[in-house]
Amino acid sequence: MDLKTLTEAFGPSGCEQEVRALLKDAAQALCDDVSIDRAGNLVCRKKGRDPMKPSVAFAAHMDEIGFIITGHTEDGLLRFRPVGGVDPRVVVSKWVVIGKERLPGVIGAMAIHLQTPADRERVLDYDNLYIDIGAKDAKEAEKLCPLGSYAVFDTPYTEFGEGFVAARALDDRVGCLNLLQILASDYAGDLCCVFVTQEEVGLRGSKGAAFHIQPDIAVILEGTAANDLGDTRERFQVCVPGQGVAVSFMDLASIADRQLFQQMREVAKERGIPHQVKRSVTGGNDAGSFQQAGKGARTVVLSVPCRYIHSGNNVASLSDIKAQADLAVAFLHSL
Amino acid sequence: MRTEDFLREITALKGLSGDEGLVSAFVAEAFAPYCDEVKVDGMFNVIARKKGSGPKVMFAAHLDEIGLMVVAIEEDGSLRLGQVGGVDPRILPGQRVWVYGRKKLLGIIGAKAPHLLSEEERAKNYKREDLYVDLGMGAAKVKELVHIGDQVQLEHRYTALQNSRASVKTCDDRACVAMMFEALQQLKNLRHEADLYFVATSQEEVGSRGAGTGAFALDPDYAVALDVCHADTPGAPGWRTHKPDSLVASMGPYIHPVLRSKLTETAQENNITLQTAVVPRYTSTDADEIGESRSGVPTALLELPLKYMHTTVETLDTKVLKEGGRLLAQFAARVNEGWEDELWT
């Protein structure tokens with residue numbers, strides 16, 4: 001499995017089938033106990049031989065931000081809404097594909113020549129944005145893209161710059177890719193790698209997963225906003241792509257277990273794995289679910305710093321992606 | 001080459017206004033097999049001649065494109081942008097671009113994250129000054145490879161949509177260059193009296209500068225400018241847009257009425273539907289400069305409806321483009337010495 005295949009797979013929240021099928025095939029080669037639970041999560045378990053070791057779950061989400069078709073106009077355009085948080089300012093003049101058949105569409109906007117000064121200033125919101133598939137009328141549009149069809153940005157996977165990658169859905173296919181590496185590694189205790197659904201629409205898949213897995217420790221592999229370039233004041237910069245995997249002490253969904261947070265940093269330091277502390281208390285992820293489900297679990301989050309995270313072009317450093325896997329595996333071995 | 005392939009290839013080439021050489025070379029090579037002589041002048045205009053003994057006719061479509069330019073390199077290695085021609089800043093956030101530094105570099109246009117904006121800022125679009133290009137490399141490397149003044153081109157992607165519609169950047173106005181290409185192919189089977197010049201002009205987006213010098217040098221008897229016009233788009237005032245499924249012939253003081261009639265008659269005889277655009281003053285196309293060249297050139301304007309002009313997803317109907325080629329060829333074949341006497345009747 002490679003990152004290109006994973007980021008080019010179609011999987012907006014609630015429509016993770018394609019990603020799950022890919023990962024299921026890959027996971028079955030590494031582990032005997034692979035199942036799909038009632039929330040659509042792909043659960044991969046490896047039974048431990050040493051009952052004294054803590055049971056550990058690693059989680060990454062399969063879903064990505066995207067769009068859903070909500071209507072058809074008389075002249076054949078599609079109305080749509082975001083699935084997950086997508087700022088409407090990043091969708092103008094972009095390419096999308098709709099459904100698993102990947103019907104191509106474009107999101108246009110009124111030409112600059114026709115805009116009033118007020119138009120130039122006002123943000124085009126989802127009430128005023130449309131996907132154009134070239135259909136001539138509502139009937140044709142509806143036949144090709146029925147209500148509820150999902151769409152995603154159409155972005156190829158491209159490596160560029162000094163070891164960077166631009167792609168769709170690096171949030172959180174990087175975590176999915178690295179979960180497979182963890183699954184391939186040896187651990188004496190009970191290990192569970194879970195690929196969860198619907199993170200982007202309210203940490204939904206992980207709630208179910210956390211409830212039935214009930215690990216002692218849960219480590220979440222994520223992508224997190226970097227906000228390191230341009231006009232962002234230093235105090236709002238979160239982490240810097242290229243400077244290592246980011247370890248969180250706190251975000252809006254959970255506070256890291258203090259001891260695990262320290263242990264992660266110590267292991268990284270000992271092994272020379274590039275790492276940084278996520279500096280800003282922003283975002284939230286599946287750690288919130290694991291910490292609070294059932295009897296609760298100790299949690300910690302490892303994130304790949306990611307620029308433009310909820311746009312069609314996520315940007316991350318390949319070395320940070322590797323560091324996330326390296327640190328996760330090293331941590332597991334340190335237990 | 002099929003006309004669709006011509007469109008796909010020509011729209012990919014970098015040719016920001018003022019530096020159209022690559023595009024000119026492509027057009028010159030593609031037109032050459034259908035013409036008697038082809039040259040590229042000092043302004044990067046391509047002038048392709050198909051000889052005749054009659055009046056000199058100039059067809060003109062512009063080959064330059066809008067784009068961006070590096071105006072500053074920040075300490076973090078990100079690039080700030082100026083514009084060449086009218087680039088709508090709304091299309092930029094999250095867009096891929098090509099930066100033509102010492103190497104051709106991929107960049108992503110970034111902006112401050114929405115959750116870090118004040119409520120007031122969040123209600124407004126990002127301005128060009130708020131945006132930057134991220135090259136995925138450190139400042140030292142950036143400064144080694146990129147300089148102020150380097151050109152930045154928007155991402156090229158040709159997408160075939162339903163119903164012979166296609167979406168690609170720079171249909172404005174290379175789709176009309178493709179229309180001339182189609183006309184040249186159709187003229188193989190037609191006899192013409194006129195001395196025909198198919199001119200792909202430069203620097204339209206910054207004020208029809210190539211068309212001005214091109215028309216001066218050529219000194220044509222008649223001219224037909226070819227450009228795109230706005231197709232129906234949500235939110236746009238209806239009187240300024242046209243249906244995407246047929247060509248448009250403009251009328252108004254900048255358009256010669258008799259030449260326009262010749263165009264509409266030709267369309268009628270060949271069962272080609274034409275919509276009408278009424279333009280009360282300047283047309284903001286090459287027609288304006290050509291019409292005022294030397295002592296004046298009777299000029300008509302034929303337009304191809306285009307959705308989302310000046311975005312990376314400009315969308316047109318390729319069937320209409322080809323109809324345009326057919327109309328031009330038929331028109332070219334009709335021009336004769338007799339037209340001179342009808343001009344002011």
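**Stop one: the domains of chain B**

Start by selecting chain B and colouring it in two parts: domain 1 (3-65 + 169-342) and domain 2 (67-154). These bounds come from an automatic or database domain assignment. Before going on, know that this is a predicted model, where local features need pLDDT of at least 70, side-chain atom pairs count only at pLDDT 80 or more, and totals for chains, interfaces and linings use all residues. Residues are numbered from 1 along each chain as its sequence is written, while chains are lettered from A and ligands numbered from 1 in the order in which they are written.

Taken over C-alpha atoms, the centres of domain 1 and domain 2 of chain B are 33 Å apart. Where they meet, eleven residues of domain 1 of chain B are in contact (C-beta atoms, placed from the backbone, within 7 Å) with twelve residues of domain 2 of chain B.

**Stop two: the domains of chain A**

Now pick chain A, with domain 1 (3-64 + 168-334) and domain 2 (66-153). Here the C-alpha centres of the two domains of chain A lie 31 Å apart. Twelve residues of domain 1 of chain A touch twelve residues of domain 2 of chain A.

**Stop three: where the chains meet**

How many residues does each chain bring to the contact? Chain A gives 50 residues and chain B gives 53 residues. On the chain A side, select strand 7 (103-107), one of the elements that supply at least two residues. Strand 7 of chain A gives the largest share, three residues; strands here are DSSP runs (E, at least two residues), numbered from the N terminus.

Conventions:
Two residues are in contact if their C-beta atoms, placed from the backbone, lie within 7 Å. Helices (H or I, at least four residues) and strands (E, at least two) are DSSP runs, numbered from the N terminus.
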